[in-house]
Amino acid sequence: MATKKEDTKFWQQLHTDAIEEPAKEAAAPQKKYWGTVLPAKDFDRTADAKALRSIVMERDVDEQKLIDILAHRSQRQRMEIAMQYEIDFDEDLIGDLVTMLGADNDFGRLVWALMTPPRLYDARCLRGAMEGTGTDESVLIEILCSRNNKQIKKIIEAYSFATNFDLKKDLEQETDGNLRSLLIAMWEADREDKNVDYTVTLGEASTLIDEELGPSLEKILATRSYAHLRQTFLDYQRLSGHHIMEMISRQTGGFMNPTKDAIKEGYLAIVKCVLSLPGYFAERLYMAMMGFGTDEETLTRVTVSRCEVDMKKVADIYERRHGKSLGAAIADETSGGYCNLLLALIGQE
């Protein structure tokens, strides 16, 4: 595991990359696609629906045929296939796939995730994290602290529609203290989209030095734009002599404290997303596979949510950080159709 100094240095490099990236992208002749799942060329939803119907009707599941279709169609194309399937066969494709594969295994859950619209999938993950005994705070933090205003508003609507529960009320009931306050602040989806005001960032950096974990930290992290926050973090480091991640870790129990501190995780999640969203998700994947056992739910959730967004960057950062390709790590930690589908989705099959 990385030392405190190594970890901070790595995130500082991602911070520098994030500041330089807009200029590099602006200079590029066209916007580059960083996802690993691309829309299929010559897409034929009728043919795909027919092929999936054939797979569903077989006695034995042909996982590879399923992977060859689902892992090589965009999310929008998969939704079109599901609509065509219902038109042609008067059946629900997702229901048929769940019946065929089962919902109690990793491969079946991954297929279900791929066939579920993103906002609805996030909503169901949030509800699942709060159902039953105990609350999986890491899931709440990952989703609410990494999604933008528009995405969060769509998740709120989907949550109410799909679960008949109110997300804000559930967060208030299932969390407490500073974490509850932070998650409700993220639920409000009030992050600004403004140009950087260097006078304001300097003032807020000074405030954070004086207050440390005072009330200003939550407000600044939850409402300022990513560009604004990156400059604030630079000003903070210049004035204080250390990175804001070090302050948060020190004030919430130490950088390598084995005792999980939810508010520490929440604050650091936002900072890391600001510095590098791909870096944050690379870390989530690493944590899901390190040590004894594998967190398949996180592997599934992160892979599905990033494969059409920035998985190329996620995989690149993962390998730079850990000296091992993401595909090799997944192959070591998973098996069967689940492993093959994950590898196809990250473009390393």
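This is a predicted model: local features need pLDDT of at least 70, side-chain atom pairs count only at pLDDT 80 or more; totals for chains, interfaces and linings use all residues.
1. Basis. Local features need pLDDT of at least 70 and side-chain atom pairs count only at pLDDT 80 or more, while totals for chains, interfaces and linings use all residues. Residues are numbered from 1 along each chain as its sequence is written, and side-chain values use heavy atoms, with hydrogens and water left out.

2. Glu218. This residue lies in helix H13, residues 215–223 (helices are DSSP runs of H or I, at least four residues, numbered from the N terminus). Glu218 is buried (under 20% relative accessible area, 1.4 Å probe, protein chains only). Glu218 has no salt bridge (a side-chain nitrogen of Lys or Arg within 4 Å of a carboxyl oxygen of Asp or Glu). The nearest side chain of opposite charge, Lys219, is 10 Å away. Neighbours within four places in sequence aside, Glu218 is in contact with Asn178, Ser181, Leu182 and Ala185 (heavy atoms within 4.5 Å).

3. Rest of H13. Leu217, Ile220, Leu221, Ala222 and Thr223 are among the buried residues of H13. Their cover includes helices H11 (177–187) and H14 (226–240).

4. H3 and H21. Helix H3 (residues 63–70) packs against helix H21 (residues 336–345) at about 20°, with axes 10 Å apart. H3 is therefore roughly parallel to H21 (angles under 35 degrees). Glu63, Gln64 and Ile67 in H3 meet residues of H21 including Asn340 and Leu341.

5. H6 and H18. Helix H6 (residues 106–114) and helix H18 (residues 296–306) pack at about 25°, their axes 10 Å apart. That makes H6 roughly parallel to H18. In H6, Arg109 and Leu110 are among the residues that meet Glu296, Thr300 and Val304 in H18.

Note on methods
Helices (H or I, at least four residues) and strands (E, at least two) are DSSP runs, numbered from the N terminus. Buried means under 20% relative accessible area, exposed over 50%, partly exposed in between (1.4 Å probe, protein chains only). Lys and Arg count as positive and Asp and Glu as negative; His and the chain ends are not counted. Axes are lines fitted to C-alpha atoms, for helices over the stretch in contact, and angles run from 0 to 180 degrees between N-to-C directions. Angles under 35 degrees count as roughly parallel, over 145 as roughly antiparallel, 65 to 115 as roughly perpendicular and the rest as oblique.
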